[in-house]
Amino acid sequence: MPEVIGRSVPRADGPGKVTGQTLYTADIEHKGMLHAAILRSPVPAGKIVRLNVDKARQMPGVKAVVTAADVPNVRAGWALFDTPMFARDEVLFEGEPIAAVAATTLAQSRAAVAAIELEIQEIPPVGDIDMALAAGARLIHPKLAQYGSVPGIVFNREGNVACKYAYEEPGVDEAFARADRIIEDTYDFGRQYQGYLEPKGTVVQYRDGRYTVQSGHQYVFNLRDRLAQFLQIKPSDVRVQGMAIGGGFGGKLDFGPEPYAAVLAKATGKPVKLIFSREEDLLAATVREGARVRVRSALDKDGNIIGREFFTDHDNGAYSGELILMAGLALMFCRGVYRTGPIRTQFRLIYTNTSPTGAYRGVSGVPMISAIECHMDHIARELGVDPRAYRLAHTLNNNEKLPNGQMLHDAAILMEAYAEIEKIAPWEEMKRTKKPLEGVAIGSTVWLTNPLPASATVKLNEDGSAHVLSGTCDIGTGAMAQGVVGIVAQTLGLDPANVHVVQPDTDVAAYDGGSQGSRTTRAVGRAAEHAAIEVRQKVLDAAAPLMQTEAARLTLSGGKIHDIEDPGKAIGLTDILMMGAFASGPIVGTGKHAEQPIPFDPGCAAGLAFPTLPTPTYHVHMAKVAVCPMTGNVEVKRYIVAQEVGKALNPQGISGQIQGGVAQGIGYALHEGLRVKDGRYMERSLEAYRLPLAVDIPEVEAIILEHPADEGPFGAKGTAEPPIVLAPAVIHNAIYDAIGVPLNSIPLTPENILEALERRKSA
Amino acid sequence: MSPTRPLILLPPSGKRQVTVMDFIYAQKLEEALDALRSQAGRAKVLAGGTDLMIQIARGEKQPQALIFIGQLKDDLATISLSQDGYLNIGALVTHRQICADRHIQANYPALATASASVGGWQTQSVGTLAGNICNASPAADTIPPLLVHEAVVTVQSAARGLRDVLLEHFITGRRQIAIENDEMVVGITLAPPPADTADAYLKVGRRKAMEVAIAGLAMRLTMAGPETVGELRVATCATGPVSRRASEVEALFSGQKLTNELVTQGASLLGRMIQPIDDTRASAEYRKLVIPKLFRGAVLECLAKLGIAISGLEKS
């Protein structure tokens, strides 16, 4: 039996997805199922003057029309409870749900939506963070102070700021006062749509006083809890069954169509399907937030950073989701992975009359890390030193601390990552062989693994196969299909083809933190490993009497139980399960995982949702680009990643995640603009919103570094999220190198670049 | 008679009405022409449908009938060369066929390049050259190369038979073409290019495929001597409501010695002539900036294809 761990075993869910057999939410058909559609606000801000659904109710095929009047008058939310299910008296963003219809056919429900009489008195929108922060700005949530929130987390809120966090170490002003040179940059970041293949959708049934929700969702327990909040019921009155998911990237962690379908299902007594159109999905997606980051460094005469200010403002949109939990990242990332002297940092999450924002791979860290890495190149150029050499001279080493007081025990992995890239792409040679308008850049960072807890159950079937039950799905990373399958197969000595993962179900599985932040392989994998170890022990215990020996002498591998001291003696696993299980009972194991707390300085980080960076991993990226002088387009000629993963359970799976994360990072840097004008998106379809294509992305060269972690399954750390976080800055800096002009915004359009080239020419 | 079935389309979000129309499968060209005549303006001709079906789904076009000509491959899906070297491209010839055609690659490479950049592989596989013209989008990729080759469009009606129109006259405005209700395009004809001629199509997009042109430029350059221009033709797209030849720019070059100064002069005149708009894809300002650069790029590409090096000609 070959080792499973460390081998590129093909993913179990691959053939079904490729051949179209996999069932997604949109494929679900129930008897009597109705089709729903939502009436959304056509304007970014306004008062609802008139809402009349009488005509819509009389339309052919219509079974129910619901509005705010038909649901509990509550506000819900992941952490800050500011979100109503339907707009009641006022609308706060274009696309905000106002009514929902269920009818026999989709055409009928859409026709009925169009027949709803709606009159809105428009109000000039607070369209961006500058308007929201301006003196005398209209308050988007006048009752902000009264909103409830989850216990244990402090949200400082005021005016249009949903959450403000600030901290400073002593000596910042003194450092700036004695600085030889001060370098300051302001960077603007656009929004980014997750662009998953499968728009959000759900099918909800109401029966026996309970809701059954079928959705391709990243975090079924969060969805359960949100429904319970909106509907004012017990979480256990909601059953969420996760379906195969056509991508999420953070966009499917919170509620989408589910509460609306749930209300309609109860109103009609029929199953209700609600699938967003692509345009609707884009309009209402909780996209990556726009942000503005101002970073200012005080340098001494030797170029050391002796003080740092880091102010980061993020666009919350009209209501809060997960971003309100991200304040602590401003503390963890304000320094980057470099020595800076004392820091002053501030995070603000700001309400605007725009579509609510949320998590997208690298949540809130992408603009912060991008700003730091772009700023580092700017400093190096001001000093006239090589940006790579400058980084190396100031990079944190083992046992240096982040500003939250957390010790990075193994930061020297960064040096190893630089050295590995140097082997395949020597920096000086990369610089020497550049043609005109080509540029190279390199950058580094630390990233975290989401620390939410996990559980798993492994049941061994009578035929010697195993099923793994957990509360999370395979988001597409292979974390379940390759990672967890591999962990259980290796532990039980099974062929991975005989290990099956089950879709999450809140009625069946214990609580799980969902597929997010690279946690699945590590947390669910660890829980599954514990469960499999328990199963293995039970198998050996059941085998011992049949083999007339002690369980301690037995091992399980290749579908057989062997006696260590008598290699000729073996019994088949299926024999044990057929015979032994009658005596021992069916064989099931359970396991759980919770991260150990990390020591930090409570003086600065107490009250933060993330006071530390759990399971830090280390990353160095390098890119080479060529700028077209004719069009301003950028071609990424080469992209190299060196990434610490703990242990590569499945190298092919990791390479795939690195390729995908970098593709999204390049897309953000160069292709994907989701611009807001007067509170409305300018890009409103995938025709206008340009996701990069395979032809636009180079094959990423991935170097996988392994430093097994004690706590991870077989030493694994989180892997899938971070490949995106450095790519935007590294691309920006490579363009900076190519054209000699910093651009200070992301995405970088051909317009920005051509205009910069013209400026350079005339200068 | 052609079989007719009702076609029902879902309304787009926010629109009330369900679209119901007759779907007419023409088995012969005559049937299509008869159907066009009897529908008297209520019908649209459907070939690949890559533009039309989207426009119907969006409610932008509401024909009462669709006449599907996809069955008429024998009559309309061929690329043929006449004895005197004229190339006829049937109305059902797809972009993929254009890209793959050796004669087009050798004699009208700008057209092959343009067809290869229309949408993605799927669009190119079912979308037709004739459809691209009839849609008359200001950003249509194939129109500039067809303009510089002075393509002739052949239309046919049951009542009046065949009629030839210069493409330049066929496209009358943004999404407007000079065609009668009972007529359909049956083919496009290109004259053989003269000796010492090269062409180029340069397109600006934010990614390498699946792009509606932010701006596009086609050029045909015929040299009369080692450094003397015989004729230069240039046309642009996505730079105004209609793709047009830039005759003032062309006149600058006729019979002239090709110098860096002349190219600069031509490029900047072209930049002043175009009337681009701001849209989600790009600003008018960017288009004004990029078109002169494309002009110079196209001159260089044509010269490179002709194997001519002209000293002093700057790259950008």
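## Domains 1 and 2 of chain B

Two residues are in contact when heavy atoms of each lie within 4.5 Å. In this predicted model, 15 residues of domain 1 of chain B are in contact with 18 residues of domain 2 of chain B. These belong to a chain that is divided into three parts: domain 1 (4-68), domain 2 (74-190) and domain 3 (197-306). Between domain 1 and domain 2 of chain B, the C-alpha centres lie 21 Å apart.

The area buried between domain 1 and domain 2 of chain B is about 1200 Å², and carbon and sulfur atoms give 66% of this area. Across the interface of these two domains of chain B, the rule finds 0 salt bridges, while 2 residue pairs are in polar contact, both residues having pLDDT 80 or more. On the side of domain 1 of chain B that touches domain 2 of chain B, the largest share comes from helix α1 (residues 29-39) of chain B, with 6 residues. Sorted by class, this side of domain 1 of chain B has 7 nonpolar, 4 polar and 4 charged residues.

## Domains 1 and 3 of chain A

The domain assignment of chain A also gives three domains, each written as two segments: domain 1 (14-21 + 452-593), domain 2 (32-123 + 200-275) and domain 3 (287-450 + 601-762). The centres of domain 1 and domain 3 of chain A, taken over C-alpha atoms, are separated by 38 Å. The contact between them takes 18 residues from domain 1 of chain A and 23 residues from domain 3 of chain A.

About 1500 Å² of area is buried between domain 1 and domain 3 of chain A, with 52% given by carbon and sulfur atoms. Two elements give two or more residues to the side of domain 1 of chain A that touches domain 3 of chain A, namely α14 (479-492) and α15 (519-546) of chain A. The largest share of this side, 6 residues, comes from α15(A). By class, the side of domain 1 of chain A that touches domain 3 of chain A has 2 nonpolar, 12 polar and 4 charged residues.

## Backbone features in loops of chain A

A cis peptide bond joins Ile746(A) to Pro747(A), with omega near 5°. Pro747(A) is placed in the loop between β34 (745-746) and α20 (750-762) of chain A.

Phe249(A) has a phi near 55°, which is a positive value in a residue other than glycine. This residue, Phe249(A), is found in the loop between β12 (238-242) and α7 (258-268) of chain A. The place of Leu437(A) is the loop between α13 (427-432) and β21 (438-447) of chain A. Its relative accessibility is 14%, so Leu437(A) counts as buried, a class that requires a value under 20%.

Methods
Residues are numbered from 1 along each chain as its sequence is written. Chains are lettered from A and ligands numbered from 1 in the order in which they are written. This is a predicted model: local features need pLDDT of at least 70, side-chain atom pairs count only at pLDDT 80 or more; totals for chains, interfaces and linings use all residues. Side-chain values use heavy atoms; hydrogens and water are left out. Helices (H or I, at least four residues) and strands (E, at least two) are DSSP runs, numbered from the N terminus. Buried means under 20% relative accessible area, exposed over 50%, partly exposed in between (1.4 Å probe, protein chains only). Domain bounds come from an automatic or database domain assignment. Buried area is the accessible area (1.4 Å probe) that two parts lose on being put together, summed over both. A salt bridge is a side-chain nitrogen of Lys or Arg within 4 Å of a carboxyl oxygen of Asp or Glu. A polar contact is a pair of N or O atoms within 3.5 Å; within protein, one must be able to donate a hydrogen and the other to accept it, and residues adjacent in sequence count only if both atoms are side-chain atoms. Ala, Val, Leu, Ile, Met, Phe, Trp, Tyr, Cys and Pro count as nonpolar, Asp, Glu, Lys and Arg as charged, and the others, Gly among them, as polar.
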